[in-house]
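Let's walk through a structure together, one question at a time. Have the model open and follow along as we look at its open spaces, its strands and its helices.

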Amino acid sequence: MKTFFTLLGREVKSYFYSPIAYVVLFYFLLLIGHAFYYGVSILNRGPTEITVVEAFFNTVFFWFPFVLIFPLITMRTYSEEFRMGTFEPLTTAPVTDWQVVLAKYFGAVTFYIILWAPTFSYFAIFQLVTRHLAAYANGAYFGSYLLLLLVGMFYISIGCVASALTSDQINAAVISFSAITVCFFAGLLSFVMMVTDPTLKNLNSYISTVEHMADFSRGLIDSRPIVWYLSMTVLMLMINFQVFQYRKWKS
Amino acid sequence: MDPRDTDRALKVPTVASMIKVENLTKRFAGFTAIKNLNFEVAKGEVVGFLGPNGAGKTTTMRILTGYMPATSGSAWIAGFDVFGQSLEARKRIGYLPENTPLYHDMRVNEYLRYRASLKGVEHRRLKERVSDVIELCALKEKERAIIGTLSKGQRQRVGLADALVHDPDLLILDEPTIGLDPNQIRSVRELIKNLANKRTVLISTHILPEVEIMCSRVIVIHQGEIRASDTAENLLKNHRAAGNLRLEAKINGAAARDSLLALPGVKDVTEEMDGDISIFNLRLEANADPAEEVMSLAVRNHWRVREMTRRRATLEDVFVELTHADA
């Protein structure tokens, strides 16, 4: 356990050793800040039933930077170790393969949480300035951020697999970006293709991140997406472990 | 499956040996890096692992450190199977990989602290161990420097400090002096010599004086096979390149070569001409010194000797003989 936390500590810190963390944080918060502004401006158009939380988490401007950040967070995790050769001292230290795989994964998840933490203040500032509630109940916050975490966990696990596949960061970024984009837009298929068959529509909404968010940001916490994202994450981590061992054994 | 593997579990390794390797083979797609290696390194020995580039030194070391599995055969570190009890084996090894890969964006002391903790140094001893190895590897001034800004020699010392930080019984160093300037080589060598006191060291290199200075035993490996394993002295003594004698003289009479060949201790004689001077190269047997006999032969036959030189075999001769493509 101590070994795991040592590894995890380095993974989290490694984001801040390079300027990447600050660049990502800056642009991410800039774009998300704009998405928040846009969300609030919707409310200005006239009387509406949706809350600020709902408006924020369901705009196009929100989803756009959202999909972009995962390749940036995960592209270095393994690729950099392969490229620099540090994979060798890492794996010849007395650590198990699972410890490394999980530490790298949760390191990325931790950075992802750090990335989102400042956005809490948006709602606090909104309430302070407008003296209006940002959501009707706390469940809306809880639901929105829970789903953010779940989706993030899944997409980060995809990114980790992509990074473990190659020793080139750009390659890793392209692979994970493509895979994540496919996953994300698969959820919009029934909407784009105007599917009317109810079975297909239900099937599609089972994996549709956008539809999940519409529910969760109203505080409607559904267990099906939770199961979906968690099981996909576990699957991806298993694949990650296999790829890791393959890289190690083939080297 | 290799038939040798079936009784792997039954073999009881002797604890006295720090490294024990049995029938170790590693095949990569298309070629065999090492073939049926067998060797043992006792506790406290400093062994030089010698061989030309691509001989299989790094592959052997990577198998011993648990970085890659062997195709067949077994290896033990301090009695622990490197495949079956990998973690226990790895805990006892301080490994400096080839080219010293390090995290370039960390600070020296930060990196060593991380590595020490990773290798299981207790929390309360972390500070002490890290400052000990920083002292030992002369990194005090660079303690707070970012590793990426260090010179190659300094990085090498950081790598060594990393290998030492958990106070391992066994040090495995893969070409620790490659790419350094002569001063740096000297300081790294000095350092390794000091470290050797209490520890077992396996050090790979193709720089020969290094071996003579540091190692109590040499294992010569070539094309994945062990060609020799002995002390540097014994290698020199026993090897056929034990030495030679060069005689330049103006001779009269044809049978000079035969009479030289007839002398005791002379294995072979070659003759070349330089104008009217004959140049003989005498290959000698181990420990033979027929200089006197050659001299008196020359006097008896009225050869006019221009020069006679005795050349002792160096480790380099032995190395070349052992690892020459057609040896």
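Q: By class, how many nonpolar, polar and charged residues does the lining of the largest cavity have?
A: A word first: this is a predicted model. The largest cavity has a volume of about 80 Å³, and residues from chains A and B line it, among them A:Pro89, A:Thr92, B:Arg90 and B:Tyr95. Sorted by class, the lining of the largest cavity comes to six nonpolar, three polar and three charged residues.

Q: Which element gives the largest share of the lining of the largest cavity?
A: Two elements each supply at least two residues here, α6 (87-92) of chain A and β6 (93-96) of chain B. Three residues make up the largest share, and they come from β6(B).

Q: Which element gives the most to the lining of the largest pocket?
A: The largest pocket holds about 300 Å³ of space. Of its 16 lining residues, the closest to the centre are A:Lys248, A:Trp249, B:Gly66, B:Phe83 and B:Ser86. Both α14 (223-250) of chain A and α2 (86-91) of chain B supply at least two lining residues. With four residues, the element that gives the most is α14(A).

Q: What classes of residue make up the lining of the largest pocket?
A: Sorting the lining of the largest pocket by class gives counts for three groups. They are nine nonpolar, four polar and three charged residues.

Q: Which strands stand at the edges of the open sheet in chain B, and why is one side of each left without a neighbour?
A: Six strands of chain B make up this open sheet, in the order β6-β7-β8-β3-β9-β10, and their pairing is mixed. A strand at the edge has a single partner strand, so one side of it is left without a neighbour in the sheet. The edge strands are β6 and β10 (225-230) of chain B.

Q: In β7(B), which residue is the bridge partner of B:Tyr95?
A: Strand β6(B) runs parallel to β7 (residues 170-174) of chain B, and four bridges join them. B:Tyr95 is also among the residues that line the largest cavity. Its bridge partner in β7(B) is B:Ile172.

Q: Which residue in the hairpin of β1(B) and β2(B) takes a positive phi?
A: Strands β1 (residues 17-28) and β2 (residues 31-42) of chain B pair in the antiparallel sense over eight bridges. Within this pairing, B:Lys20 has B:Glu40 of β2(B) as its bridge partner. The hairpin has two residues between the strands, and the positive phi, near 95°, belongs to B:Gly30.

Q: Is α1(A) parallel or oblique to α7(A), and what is the handedness of the crossing?
A: Helix α1 (residues 2-17) of chain A packs against helix α7 (residues 97-116) of chain A at an angle of about 45°, with the axes 8 Å apart. That angle makes α1(A) oblique to α7(A). As for handedness, the crossing of α1(A) past α7(A) is right-handed.

How values were computed. Residues are numbered from 1 along each chain as its sequence is written. Chains are lettered from A and ligands numbered from 1 in the order in which they are written. This is a predicted model: local features need pLDDT of at least 70, side-chain atom pairs count only at pLDDT 80 or more; totals for chains, interfaces and linings use all residues. Side-chain values use heavy atoms; hydrogens and water are left out. On a 1 Å grid over the protein atoms alone, a cavity is a set of points where a 1.4 Å probe fits but cannot get out, and a pocket is an open set with protein on both sides within 12 Å along at least five of seven lines; lining residues have an atom within 4 Å of a point. Grid points are joined across faces, edges and corners, and a volume is the space filled by probe spheres set on the points. Ala, Val, Leu, Ile, Met, Phe, Trp, Tyr, Cys and Pro count as nonpolar, Asp, Glu, Lys and Arg as charged, and the others, Gly among them, as polar. Two strands pair if DSSP finds at least two bridges between them. Axes are lines fitted to C-alpha atoms, for helices over the stretch in contact, and angles run from 0 to 180 degrees between N-to-C directions. Angles under 35 degrees count as roughly parallel, over 145 as roughly antiparallel, 65 to 115 as roughly perpendicular and the rest as oblique. A crossing is left-handed if the near helix is turned anticlockwise from the far one by less than a right angle, and right-handed if clockwise.
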